[in-house]
Structures are given as structure tokens and as C-alpha cells.
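Visitor: I'd like to learn how to read a helix pair and a nonpolar core. Could you walk me through it?

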Amino acid sequence: MKFKAELSSLSAQTKLMAFGYKIGYLWLLCALAGCTMGPDYRPSTPIVPERWQAEQGNGLDLKPISPEKLKSWWRSFGDARLNRLMDLALAGNLDLKIALARVDQARADRRSIRAELFPQVGVKAGAQRNLNLSPIYSRGLSFNIFELGFDALWEVDLFGRQQRRLEAASADLDAAHEEQAQALVTLTAELARAYVEYRNVQNQLRITGSNLQTQQHTLKLTERLFNEGVGSRHDVVRARALVEDTEAQIPALEAQMIAALRQLEMLVGKQPGALAADLEETGAVPVAPGRELLASPAMTIRHRPDLAIAERRLAAATAMHGAAVAELFPKISLSAFLGLRNTDIESLFKSAAFSYSTTSNLMQPLLNFGRIRAGIDLAEAKQNEAYLAYEKAVLEALRDTETALTRYLKEEVRRQILGKSVEDQRESVRLSELRYREGVISFLDVLDAQRAQYAAEIELARSEAEASTNLIAFYKTLGGGADAALPEVVQKAL
């Protein structure tokens, strides 16, 4: 009896030691699970110039723009209708809502990949009918197995394959947020450009209508003089041709205005005709001072969402390269069952039916005909592609910003010159009409002066719109609007 007691005590100690070894083994696996294969991503700062080339020697007093003003740059135009349209677009634009939906997709994908790092536990219930389960049993022996409990499965991320996939998913989520910011940049720029185009066409229609009235008045005058025998029929024909030429410009301008209006309605998420009443009243082309607009190249590179997207894509590609390398190493999985198991269903819920079991598996790739190596090469090639795409995006950002700034500054100089030209043309028309009444010049000279005035006024209107459009394009290249204040309903969606 004493011997049996000692044996029983020794058996208990052995079980305890075995249990301790298992716990230690599990802790070792958990510690090793922090290892990751492949290259670690280290973000690099691209080399950019200290100043923009376009700002040197332009003759204009340019000042740096603050990040706060860059968030809502369109307010510098001082146009209440533009501000109201922008608020409508931030709340109802469909492209922005699509970008928000993609953020939700990336967030859900990351949660799914993160869940793979933890054990998967499920409820298991089953019944088996076995016959000659093993040769050691008598032929014809049959029995049942009933079980009910919890089944767990855990793939130990020993070499960091799942961790690298989680890093890639996190980078993709960051990229989705940046895509949403890029959607804001594009939306604000497109809306402002469409509004400027609408007001520009409206302004051209106003100028055309005003010149048409002047030309019609001149036509009546020439017809009266011709009827009185003072003027010539040639003067009447020339005056009528000028009126008809001006009238022919109106339908094309009206079509352009309607097209710009439809574009505005689409950008704010409204159906055709929704903004017609609100924008029916003629307004001036919005013009911003355009003095506080400079941001350093380094600040521009950091603030542009499209560059952040390219950088996050590079981080994701680097992480997936590590996940591909981890495929070379063994995969270890642990499974366990805890519950009730018995050959008699009536005795299944008795204490004697309590059962547990653990299983561990190791799988080492041996022969796959180069599939894993090909996957590593593919991941490395994608990483190189992402790096080159990031480098190209930086160069394109520098080019776009330099080009937009140059175009705005040059058009601003041109607009000022055209403004002086219009004043001179108006004075020329006044003097021509006066000299014609005095009989000093022919009526052809008057028509030429009117035609030149009309062309100058139209060109000035186009230049004003072009200057504003170029300024909008420059704000876009700076990443303006990426941090725009979204309506509360949109912020809740984020």
C-alpha cells in the first residue's frame, strides 16, 4: 500500500512537471511569435529644393500661406455662393462617400487579418459510429462516440507571416484615409473650377449682350442715315453683319453655361435643375488676392495626400515581401478540445464524461516546384515597383506645383495688362463715335473700334477666369482642402 501511495505521488509530480513543460513551451512559442521575416520598412524623406523656381524674379509680393488657410482656401475668394456650394458638396458629393466606404472596407479587412493572430474557438457537437476502429479490437466490435464541447485552433505566427500581413493591412488602411483626403482635394478644386467656369460664361454672356445692344443701336443709326440719303448701304450691311456675328455667339455661350451648371449639380450630389434658381442671378468671376499662397517644397511634399498614398503603398508592399519570405519557414498549429465525450449519450453529461485533448502540428514546405520562391520574387518586384512609383509621384508633384505657380503668376500679369487695354479700347470707341459724327472718319473705323473693344473685354473676362482657375490648380497641388472641415454627419461616418 505504501508503495502504491508513493507511486501515485510520483505520478502526480510527473503530471505536474509535464503540465509545466507544456506551459513553458507555449510561452516559448508566444515569445518566438514576435519574430518577423523579410525587410523592415523605414520611411525616407525625399530630397526637394528649398524654394520654388517660379517664385524667383516674378515681381510680385508673395507671402507664405498658413496651414489653417490652406484647409479652406476657397474662402479667400470672398464669394458667399461658392462657400455655400462647397458646404453642400462636402455633405453630399458621391465621390467623397465612395472614398469613405473604401475606408470602411480597409478597416474591416484589417480587423479580419488581425483576428487571425488569435485562437479561433467554436462549439463542437458530434456523434460517431465506429466499426473495427483498430486491429487490436475484436472483429465486428462496434461502438458510438458522442461529444459536446469547445474546439480551439491556433496557428502560431512563429516567423511573423501573419504579423507582416497585418502591417500591410494597416498601411492599406492608412492609404484609404489618404485617398479620402485626396478626394477632398479633388472635390474642392473641381467645384471651384466649375463655379469659376459658370461665372465666366455668365460674364461673357453679359458682355456679349451689352455689345449686342450697342451694335444694334449703331445699326439703327446707320439705317436712319441711309434712309435720309446721308449714309451708304455698305455701312448698313457691315453693321448688320456685326450684329449677326455677335448674336451667333450667344447660343454657344448658353450651352457652356448649362454644362457648367450641370457639373456643379453633380459635384454637390443634386439632380439637374436643383441649382438653377440659386445661381440664376449674374455674379462676378471670383478673384482671390493670390498673395498668401506660398508653401515650401518640403511642406508641400509632406501635406499632399497622393504622395502619402504612394508611401503607404510602398510600406504595404514591403510588408507583403516579408510575408512571402515567411512562407519558407514551418507553420505550427495548435488545436484543443475541452468538453464532454462518452460512448453513451445518456451518460454524456456526467462528470466521468469530462474530456480534453491537445494536438500540435508542424508543416515544413519541402517540394513545391519553386512556388514559394516565385512568390518571393513577385513580392520583391512589387516592392520595387511601389518604390519607383513613389519616386515618380514626388517628381510629378514638384513639376505640377512649379507649373501651376508659373501659370498663375504669368496669367496675373497678363490680366493686369488686359485691364489697361480694355480701358483704352473703351476710350477709343468713344473718340471714334465722336469723330464719326464730326465727319472726320468713316463708319468702318467705328465698327473696327467696337469690334476691338468687344474682343478686348471678352479676352479680359477669359483672363480673369484663367487666373482664378490657375490659382485653384495651385492650391490643389499644395494639397489644399485635404483637412477641410467635414459636416457632422460625414464625421460620424468616419
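Guide: Start with handedness: a crossing is left-handed if the near helix is turned anticlockwise from the far one by less than a right angle, and right-handed if clockwise. This is a predicted model, where local features need pLDDT of at least 70, side-chain atom pairs count only at pLDDT 80 or more, and totals for chains, interfaces and linings use all residues. Residues are numbered from 1 along each chain as its sequence is written, and side-chain values use heavy atoms, leaving out hydrogens and water.

Visitor: In which hand does helix 5 pass helix 6?

Guide: Helices are DSSP runs (H or I, at least four residues), numbered from the N terminus. Helix 5 (residues 161-227) passes helix 6 (residues 233-267) in a left-handed crossing. Their axes, lines fitted to C-alpha atoms over the stretch in contact, with angles from 0 to 180 degrees between N-to-C directions, come within 8 Å and cross at roughly 160°. That makes helix 5 roughly antiparallel to helix 6 (angles over 145 degrees).

Visitor: And what is a nonpolar core?

Guide: A set of buried Ala, Val, Leu, Ile, Met, Phe, Trp, Tyr and Cys residues joined through side-chain atoms within 4.5 Å, buried meaning under 20% relative accessible area (1.4 Å probe, protein chains only). Here the largest has 62 residues, with Leu 85 and Leu 191 among those with the most contacts inside it. Helix 5 gives the most to this core, twelve residues.

Visitor: Which residues does Leu 85 contact, leaving aside neighbours within four places in sequence?

Guide: With contact meaning heavy atoms within 4.5 Å, Leu 85 touches Leu 191, Tyr 195, Leu 264, Val 268, Leu 275 and Leu 279.

Note on methods. Helices (H or I, at least four residues) and strands (E, at least two) are DSSP runs, numbered from the N terminus. Angles under 35 degrees count as roughly parallel, over 145 as roughly antiparallel, 65 to 115 as roughly perpendicular and the rest as oblique. Buried means under 20% relative accessible area, exposed over 50%, partly exposed in between (1.4 Å probe, protein chains only).
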